[in-house]
Amino acid sequence: FGRFSRLFAQLLTKLKIRAQETSEILLKVVKNPITNHLPANTVVIGTSVKARFTKVKEFVPKQTKTGPVAFVVGAVAKDDPALECDFLDDCICVSRYGL
């Protein structure tokens, strides 16, 4: 957990995380709208505990046949912003417990 915390602190301060051994960018904060950074015709799937429950092993093979897929994972302690995003094509629940 300590390494994870340091990585995300670095992401929030420097807006990117680079690999230790190379200068390759591993993770980067991008400006809105997020759809400008996705390939054309990407299906954007949100996750929420209030959405319909779906088994990931069954859901993903059906989606990948149609083209690129992006998953939006929100991590909030309160409310449910994933159901209110206008850029989502679908919203699913992958666990019966809050993540």
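A pocket is an open set of grid points with protein on both sides within 12 Å along at least five of seven lines, and its lining residues have an atom within 4 Å of a point. The views below show a predicted model.

**View A. Lining of the second largest pocket in the predicted model.** The lining is formed by Phe8, Leu11, Leu12, Leu27, Lys28, Val29, Val30, Ile34, His37 and Leu38. Two or more of these residues come from each of helix 1 (2–14) and strand 2 (25–28). Helix 1 makes the greatest contribution, with three residues. By class, eight lining residues are nonpolar, one is polar and one is charged. The volume of the second largest pocket is about 250 Å³.

**View B. The cis peptide bond between Asn32 and Pro33.** Omega for the bond joining Asn32 and Pro33 is about -5 degrees. Pro33 belongs to the loop between strand 2 and strand 3 (43–53).

**View C. Leu15, a non-glycine residue with positive phi.** The phi angle of Leu15 is about 65 degrees. Leu15 is located in the loop between helix 1 and strand 1 (16–18).

**View D. Asn41, a non-glycine residue with positive phi.** Asn41 has a phi of about 65 degrees and lies in the loop between strand 2 and strand 3. With a relative accessible area of 70%, Asn41 is therefore classed as exposed, a class that requires over 50%.

How values were computed
Residues are numbered from 1 along each chain as its sequence is written. This is a predicted model: local features need pLDDT of at least 70, side-chain atom pairs count only at pLDDT 80 or more; totals for chains, interfaces and linings use all residues. Side-chain values use heavy atoms; hydrogens and water are left out. On a 1 Å grid over the protein atoms alone, a cavity is a set of points where a 1.4 Å probe fits but cannot get out, and a pocket is an open set with protein on both sides within 12 Å along at least five of seven lines; lining residues have an atom within 4 Å of a point. Grid points are joined across faces, edges and corners, and a volume is the space filled by probe spheres set on the points. Helices (H or I, at least four residues) and strands (E, at least two) are DSSP runs, numbered from the N terminus. Ala, Val, Leu, Ile, Met, Phe, Trp, Tyr, Cys and Pro count as nonpolar, Asp, Glu, Lys and Arg as charged, and the others, Gly among them, as polar. Buried means under 20% relative accessible area, exposed over 50%, partly exposed in between (1.4 Å probe, protein chains only).
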